[in-house]
Amino acid sequence: MRTQKIAIIGLGLIGGSMGLLLRRRKAEYEVIGLSRSQEKLNRAREIGVIDWGSVVPEDVLTKADLVV
């Protein structure tokens, strides 16, 4: 079974909380972030909210199984 890829649009309070929740549940998901700010993407990656992310919507949305 392949890993589900979940894209989170926006990594503020709500999006960041969703990413952290997925991590705490030890779920087998690849969490992808989409943000307008590269700095927010870098910080989210550092603290474990996302696996990777981009500021380019097509980079994220074309790879996701579920978009939030």
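Before looking at pairs across the sheet, I noted that two strands pair if DSSP finds at least two bridges between them, and that strands (E, at least two residues) and helices (H or I, at least four) are DSSP runs numbered from the N terminus. I kept in mind that this is a predicted model, in which local features need pLDDT of at least 70 and side-chain atom pairs count only at pLDDT 80 or more, while totals for chains, interfaces and linings use all residues. Residues are numbered from 1 along each chain as its sequence is written, and side-chain values use heavy atoms, with hydrogens and water left out.

**Entry 1: the chain as a whole.** I looked up the elements and found three helices and four strands in the protein chain, running β-α-β-α-β-α-β from the N terminus on. I then checked the radius of gyration, taken over C-alpha atoms, against the globule rule of 2.2 Å times the number of residues to the power 0.38; the protein chain has 11 Å, which agrees because a compact globule of 68 residues would have a value near 11 Å. The C-alpha trace spans about 30 × 25 × 20 Å along its principal axes.

**Entry 2: the sheet.** I traced an open sheet of four strands with parallel pairing, in the order β3-β2-β1-β4. Its edge strands are β3 (52–54) and β4 (66–67), each of which pairs on one side only. Strand β1 (residues 4–9) pairs with β4 in the parallel sense over two bridges, and there I found I6 opposite L66 in β4.

**Entry 3: S54 and G33.** I placed S54 in strand β3 and G33 in strand β2 (residues 29–34). For burial I used relative accessible area, where buried means under 20%, exposed over 50% and partly exposed in between (1.4 Å probe, protein chains only). S54 counts as buried because its relative accessibility is 8%, and G33 is buried with a relative accessible area of 0%. Taking contact as heavy atoms within 4.5 Å, and leaving aside neighbours within four places in sequence, I listed G33, L34, S35, L41, D59 and V60 as the contacts of S54. With residues up to four places away not counted, G33 touches I8, L11, L41, I50, W52, G53, S54 and V60. I also looked up the C-alpha atoms of G33 and T62, which are 29 residues apart along the chain and separated by 13 Å.

**Entry 4: burial and contacts overall.** Of the 68 residues of the protein chain, 31% count as buried. Among contacts between residues at least 6 apart in sequence, 50% join residues at least 24 apart.
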